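Biologist: Please take a close look at one part for me. Which residues make the nonpolar surface patch, and what is its area?

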Amino acid sequence: MCLDFFFLTACDLHIRDLHSCCTQSLLPQLLLDDKLGQTKFDGGYVHNGLLKGAQWVFDTECDVLKELVEKYEDYTLTCAGHSLGAGVVTLLTMLVVKNRDKIGNIDRKRIRCFAIAPARCVSLNLAVRYADVINSVCDYYDL
């Protein structure tokens, strides 16, 4: 079992693919780190391990995101992921929204996330607060 997720930014014909940021050796460290109520985030609670993964991506790709946001002023910043990757990109999107000053002061309306069958990773109050930028797609059986 390996935690894989994709983070894509498309500008003209250029696609940057960040794949498998978490190797099998990091899997237990990230996924099993779910101490209920331990990680407060923006007035709510989030999954510890998935937040660590999202923070790693944000720290690693912050300069690239800033460059792209400033270069393509009409584009949106869209994050997408499936399953555990959806949890990571959900938290990544929340980090981007909270730290817009680090990536060129992008408007909130230019940020969006598509989480396909996401792992439960945020408290209800955060889900409501970020509902304008995060779109979750769930199958009937996932409910």
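**The patch and its setting**

Modeller: Phe114, Ile116 and Val137 make a nonpolar surface patch of about 220 Å². Patch residues have over 30% relative accessible area and no salt bridge, with nonpolar side chains (Val, Leu, Ile, Met, Phe, Trp, Tyr) joined within 5 Å. Areas are Shrake-Rupley, 1.4 Å probe, with only the protein chains shown as cover. A salt bridge puts a Lys or Arg side-chain nitrogen within 4 Å of an Asp or Glu carboxyl oxygen.

This is a predicted model: local features need pLDDT of at least 70, side-chain atom pairs 80 or more, while totals for chains, interfaces and linings use all residues. Numbering starts from 1 along each chain as its sequence is written, and side-chain values use heavy atoms, without hydrogens or water.

Take Val137. It lies in strand S7 (a DSSP E run of at least two residues; helices are H or I runs of at least four). Val137 counts as partly exposed because its relative accessibility is 42% (buried is under 20%, exposed over 50%). Across the protein chain, 43% of the 143 residues are buried.

Strand S7 (134-137) also supplies at least two residues to the lining of the largest pocket, as do helix H3 (84-98) and helix H4 (124-129). A pocket is an open set of 1 Å grid points, fitting a 1.4 Å probe, with protein on both sides within 12 Å along at least five of seven lines; lining residues have an atom within 4 Å of a point. Here 19 residues line it, with Pro118, Arg120, Val122, Ala127 and Ser136 nearest its centre.

Definitions and conventions. Patch = residues over 30% accessible without salt bridge, like charges linked within 9 Å, V, L, I, M, F, W, Y side chains within 5 Å. Buried < 20%, exposed > 50% of the residue type's maximum accessible area, 1.4 Å probe, protein only.
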